[in-house]
Amino acid sequence: TTLMANNYTLFSAEIESLTVEEAAWLRTEIARHRGEPVNDDDGADFQETFEENSLFLFSEESGNVDHVILLVQSFLSKFRPADTFSFAWAETCSKPRPGEFGGGAAFVTADKIEYTHLFTWLDEARQRHRVAKETA
């Protein structure tokens with residue numbers, strides 16, 4: 001029996017110490033992005049809040065980590081080429097479905113994106129175990 005369920009990708013991240021110019025650029029980029037069609041299956045994106053000199057990027061029910069990563073990389077490229085940005089996310093499910101709980105993490109610079117996903121790590125661990133067992 002397949003359990004019908006809702007899946008969620010949850011995260012919260014912050015860009016700190018924004019200048020007036022940086023905040024204005026981020027507002028414009030977010031608004032421009034929102035005006036474009038979203039090609040995701042569920043149409044999820046992310047929410048944002050500007051508070052004092054910071055931008056909080058988050059998801060309350062579900063969000064798209066790729067959109068956050070690309071926005072932040074563009075920001076770093078334009079304003080802070082020597083800086084880095086990192087965040088983690090959780091993937092949850094409204095029903096106890098195996099394989100539907102996980103997460104990941106991303107490390108972003110102006111010219112590089114590195115990320116990992118829990119399921120990738122688990123697959124690699126299984127493969128290492130399988131190889132070790134076969135060579136023992």
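Visitor: What covers the buried residues of α2?

Guide: In this predicted model, the cover includes β1, α1, β3, β4 (85–93), β5 (102–108) and β6 (113–117).

Visitor: And which residues of α2 are called buried?

Guide: V65, H67, V68, I69, L71, V72, Q73, F75, L76 and F79. The word applies because a buried residue has under 20% relative accessible area.

Visitor: What makes the span of α2 close to the expected one?

Guide: Helix α2 has 15 residues and reaches 21 Å from its first C-alpha to its last.

Visitor: Let's turn to α1. Why are its buried residues said to line one face of the helix?

Guide: The buried ones are E22, A23, W25, L26, E29 and I30. Look down the axis of α1 and they fall within an arc of 160°, so one face holds them. In general, residues three or four places apart on an α-helix point the same way, because there are 3.6 residues a turn.

Visitor: Which exposed residues sit on the face turned away?

Guide: That face of α1 carries V20, E21, T28 and A31. They count as exposed because the cut-off is over 50% relative accessible area.

Visitor: What do the buried residues of α1 pack against?

Guide: They pack against β1 (7–15), β2 (47–51), β3 (54–58) and α2 (65–79).

Visitor: Which elements give two or more residues to the lining of the second largest pocket?

Guide: Its lining residues include E29, I30, H67 and L71, and the elements are α1 and α2.

How values were computed
Residues are numbered from 1 along each chain as its sequence is written. This is a predicted model: local features need pLDDT of at least 70, side-chain atom pairs count only at pLDDT 80 or more; totals for chains, interfaces and linings use all residues. Side-chain values use heavy atoms; hydrogens and water are left out. Buried means under 20% relative accessible area, exposed over 50%, partly exposed in between (1.4 Å probe, protein chains only). Helices (H or I, at least four residues) and strands (E, at least two) are DSSP runs, numbered from the N terminus. The arc is that of the directions from the helix axis to the C-beta atoms. Contact means heavy atoms within 4.5 Å. On a 1 Å grid over the protein atoms alone, a cavity is a set of points where a 1.4 Å probe fits but cannot get out, and a pocket is an open set with protein on both sides within 12 Å along at least five of seven lines; lining residues have an atom within 4 Å of a point. The expected span of a helix is 1.5 Å times one less than its number of residues.
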